[in-house]
Amino acid sequence: MRNTDLTLHVQGASQFVDDIPTPAGCLHAALFTSPVARGRLRALHTEAAAAAPGVVAVLTHRDVPGLNQVGHVLPDQPLFAVDEVVYVGQPLALVVADSRPAALQAARLITAEIDPLEAVLDPLEAAARGLIHGQPRTLSCGDPDGAWAQCAHVAEGTIASGPQEHFYFETQRALALPGELGTIKVVASSQSPGTFHRHVAEVLGIPQHCVELEIRRLGGAFGGKESTAVWVVAPALAAFLLKRPVKLVLGRAEDLATTGKRHGYRYRYRIGVDAEGRILVYEATFHQHAGACADISLAVLGRSLLHASGSYRIPNLRVTALSCRTNIPPNNAFRGFGVPQGTFAIEVALTRIAEVMGVPATRLKRLNLLTAGDTLPYGVTLAQPTAIRCWEELDRQVDLDRRHERVAEYNRTHADTKRGLAVVPVCFGISFAQTALNQASALVNIYVDGSVAVSTGAVEMGQGVNTKIALVAARTLGIDPARVRVDTTDTTRVPNASPTSASTGADLNGMATLRACATLVSRLQEFAARHLGRPGVGPGDISIRDGVVHVHGEPTELRWEKLVAAAQWARIDLSSHDFYATPDVYHDQTVERGRPFAYYSYGTSVTEVLLDCVRGTYAVEAVDLVHDAGRPLSETIDRGQIEGGLLQGIGWATLEQLRTGPDGRLRTTVNSYKIPDIKFGPAHVGITLLANSDNPYAVCNSKAIGEPPFIHGIGAYLALLDALRAVRQDRPFPSLPLTPERVLMALHGPAEDESTSQGR
Amino acid sequence: MLSFLLNQRRVDCLQPPGSVLLDFVREVAGLPGTKEACREGECGACTVLVGRPGRDGSIEYRACASCLLPVGDVEGCHVVTVEGLAQAGLTLVQRLIVEHSASQCGFCTPGIVLSLTGFCLTSPDFAEADALDALDGNLCRCTGYVPIRRAAHALCEALAPLDHDPATRVATLVQAGVLPEYFLSIPERIAGLEVPTDEAGEGAVLVAGGTDLFVQRPEELERTALRFLSRRRDLATLRVDEETLRVGGGVTLEDFRTSPEVRAHFPSLTTDLLLHSSAILRNRATLAGNLVNASPIGDASILLLALDARLVLVARDGGRREVPVDRFFKGYKQIDLACGELIAEILIPRLPPGTTLHFEKVSNRTILDIAAVNSALRLTRDEAGRIVDLRLSAGGVAPVPLLLGGLEGFIGRPADRATFAELARVVAAAVQPIDDVRGSAAYKRLLLHQLVIAHGRAVTGEVGR
């Protein structure tokens, strides 16, 4: 089944926040943000802005009736700066006017008196000065110190991966509508109904039951609307104080310059293997470039740590991770949530040790691939990993050895162009690593006409979660999915919802929906048994299929619509709320041991590139992959997630580059930040969903699919590296992303050019 | 009063001519299907079709970025938004996007629908390559484009059996369910609108495509008197004589690129100019505008420098003068153009026998990205393969688009690998690029060196091995 929103999308009829007809008297807000990366805020002059045409109010921290705080995990992020600024783009004031242009123009009249202080923009420098969020974390297993002596080969190095802008099409925005008796409703583009609901109430200083947060759909999010509540809370504050509707919509330039990104990382690694290439020991340090506030960075870092061993069996390991506090906008969640970074480091280390040994990296990867009985560094022993099944299915389809031979043959006979090939296995833990978040609830209402409405905490952002939930409901109730409508995500119907992230939206909310529907089915079975009045027929003999009541598997005359109408008249409750909490997940950070994930998503891909050694340009030509999606609720949707995640990963590995100036200001603008376009994507993308894969840990045997395919994008980096190494092996590996600039400098630039190897 | 057709409706409005169409359709006309996602022509979410009456009264439709399109410039035109497509049921394009699940979050989708519909209207033979060219300015962050390409492929297959005659294209597409029926009555209704005139007072800002102007200073232009060159039919001409291709100052890059004259006499430009920008911008931006923009890295400037083009400049009082393009650029963003003067014509000498034109450009992303370095070479060789004449230009390595001088020493030398290697060394040593967001100075110098090598590989037929 396809995403049910498609028909609306092609007609431009799907309603996003800014498409809701503007309410009468609506005001428009614009933020004034810090022009300085770090400094003491001595004074803020808002008088001229307040007097500008059309301006109704200028709000600062002084106007906040409740808590001037929107920190996601740690209370370190004021809604409006009070006496210090810590990054360019930090909100200082909100101008509210009768039109958006008036608000934007007036915001330019505000001036801030700031005594500049030295800003730290380099994560290693921040770490050296002790500027970190939280505490460093170290995951270790085995005897990493003792294992080096047994190694036949050792390789080490440093490398970096760059930041990535989400580039969700719909920028950050919300519309706030004041209600009676000091209540407020906010319609927002947000992935975190529960947390943002709490932030609005806290900032306004009112109980949460006075705040309603409603979300219809997002024009993309990818993690970028999960943790930073500023753009939802700020218009709510204005609407609450001014008792008028207020809308805040960020322009693209403003969104790009002031919102968080995927974290850049710096890595130091050392890997040792035995004579055959079995990994004996891996040590690494991850420096995460977090930015000025902790935001969600520590959770991202934790996931990098938990995925430091990638898809491989590593008996002795020690990885230390630090979240570096620098003066850039706080970075946040982005599809993969630290897993791409953790995986990148081990993939690079394995590639390097293979080069040292003079063997193909693919052979080492296969040799060390996770199999049944292997134990991950944090203590989980894998029962039935499908890593090898995915690998072997891919190998069967494309013949990896043959593909390598063909590339080697091409490279022997070509000097101006080279081919590169890389195989990337994926092992991605599914569940929030923060155990408490693994919960969801659903409210299912059956109306007397037989139509069904489902509300959950899941947020639709194009990933098709609503369609999956509708399918679960329809399947469980035994009716046509067209009878089910998934309603908006609304805190008055589903409270305290976890964010829709960590690829768990369908798993958690689907399971809650299934339970709520199962309760309704059992009520209806009981009622139908009485209603039919057939002797000897009990509730257990009744089923509902294709909208018809069946007895002992045989259809009756009783249709769904009649059944529910009769049940309602007989005073049967046709509404059910239910709850799901993922069982048996836990993690103890003090010892870095636990079972943080319910299950794992596996896959293997092979990526082939063609490198133009004269120009430094390249084409990612082909990707073939096998991914384990369990038994998909919708194969179409899952394939779409793989295709989309893959290209986002390729973009991160190649084109997508952000540059920050020495003043802490982002120099990259919308015309210099390039995401893949239709001609950049691989001409060939071959996707196979692993056959006969069951998954008892998620709803209807499905598997999470949102994030794991992103990891396959690392193949673009590694395949380009493979092509580069066919030209020369006398230099350190260049960092990610491999932009044409970095590639050309790696091929022909001066050896000492450090600017090409440092990801910024 | 400003009048045009918006979908099926006639619109008469008093908007400032310099306010952009995107805001008009969303805020004034209440049609939220057209999305704003960048406001710089970078993403395509705001794509609409603009149908402009041609000389014969038929309507020529082009997909354009409405965020950079002044309302004044659609006076007397037919503007089509996504709301103007689906009537009873979905159009063919919409249906195929649904069937192939070529949309996820849906924010870019209306723009993609319009660009593909524009392709149906303009492609000579419904070739799949044209469909991809038509979509090269429509970004999508969700799908990875795989299903979009599948939908485009299915569209081309569905269109292939249709009549290709451009004269009856609208009727053919109405019949095929690509366009709603009301399109048939548009020419008649357009003829009933006031014909916009080219009148504006002193100090009016000249607007050609506006695709850079409306990125740079949209707020100012909203309050300024504007003069739209698209109304000057005399500037929309393109003809070729014995010696020269004469391009009117109002000819868009897309019309130039796909014209029979360019295909016949400068065939490589047809593909080179795909690198200039995206379809929705090429449909607006003009060759002359790219020169006036004076970017040190403008692709058209670099090409026209190597081609030894001359510019015919016409002043407000009708005075004409000719300037060789290499003397047009005076300094960073400074050009030899007086207030009120405009480029009426660009004169491009046809290539003499034995002459090759070759263009190189490297940008971070290949399409719709500003070059780190670009370069064009016009090379004439004698029958023995010796260099008779060469003109080499480069962008991104100086404050102006640069014609590289001092290369007389290469005349008479064989056009071979060794000569190009030395040319590359000489040229790279002669330039002074700067560090910026397009790349480091060291990179740009190296890249220019490499692009000269690439020129050599291309013109000597040594395809990269």
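Helices (H or I, at least four residues) and strands (E, at least two) are taken here as DSSP runs, numbered from the N terminus. By that count chain B has 18 helices and 18 strands. The model is a predicted one, so to speak of local features pLDDT of at least 70 is needed, side-chain atom pairs count only at pLDDT 80 or more, and totals for chains, interfaces and linings use all residues. Residues are numbered from 1 along each chain as its sequence is written, while chains are lettered from A and ligands numbered from 1 in the order in which they are written.

Chain B has a radius of gyration of 23 Å, close to the 23 Å from the globule rule for 465 residues, so it is as compact as a globular protein of that length. The radius is taken over C-alpha atoms, and the rule is 2.2 Å times the number of residues to the power 0.38. Along the principal axes, the C-alpha trace of chain B spans about 70 × 55 × 45 Å. Of the 465 residues in chain B, 56% are buried, a label for a residue with 20 or more other C-beta atoms within 10 Å of its own, C-beta atoms being placed from the backbone.

One sheet in chain B is open, with 5 strands in the order 2-1-5-3-4 and mixed pairing; strands pair if DSSP finds at least two bridges between them. Strand 2 (9-13) and strand 4 (59-65) of chain B sit at the edges with a single partner strand each, so one side of each has no neighbour in the sheet. From one strand to the next the twist averages 30°, with axes fitted as lines to C-alpha atoms and angles running from 0 to 180 degrees between N-to-C directions. Strand 1 (residues 2-6) of chain B pairs with strand 2 of chain B in the antiparallel sense, over 5 bridges, and L5(B) stands opposite R10(B) there.

The loop between strand 4 and strand 5 (78-80) of chain B holds E75(B). This residue is buried, with 21 other C-beta atoms within 10 Å. Setting aside neighbours within four places in sequence, E75(B) is in contact with L2(B), S3(B), F4(B) and P196(B); contact means that the C-beta atoms, placed from the backbone, lie within 7 Å.

Turning to where the chains meet, the contact takes 65 residues from chain A and 63 residues from chain B. On the chain A side, helix 1 (6-10), helix 17 (635-653) and helix 19 (740-748) each supply at least two residues, and the largest share, 6 residues, comes from helix 17 of chain A. Helix 1 of chain A also turns up, together with helix 3 (109-122) and helix 5 (146-159) of chain B, in what covers the buried residues of helix 2 of chain B. Those buried residues of helix 2 (residues 92-99) are V93(B), Q94(B), L96(B), I97(B) and V98(B). After helix 2 of chain B comes S101(B), with a positive phi near 50°.

In chain A, strand 11 (residues 211-215) is mostly covered, with 4 of its 5 residues buried. Strand 10 (residues 184-188) of chain A pairs with strand 11 of chain A in the parallel sense over 4 bridges, and V186(A) stands opposite L213(A). Strand 11 of chain A is also joined by 2 bridges to strand 20 (residues 489-490) of chain A, and these two run antiparallel. Here E214(A) has D490(A) as its bridge partner.

Methods
Two residues are in contact if their C-beta atoms, placed from the backbone, lie within 7 Å. A residue is buried if 20 or more other C-beta atoms lie within 10 Å of its own, exposed if 12 or fewer, and partly exposed in between; C-beta atoms are placed from the backbone.
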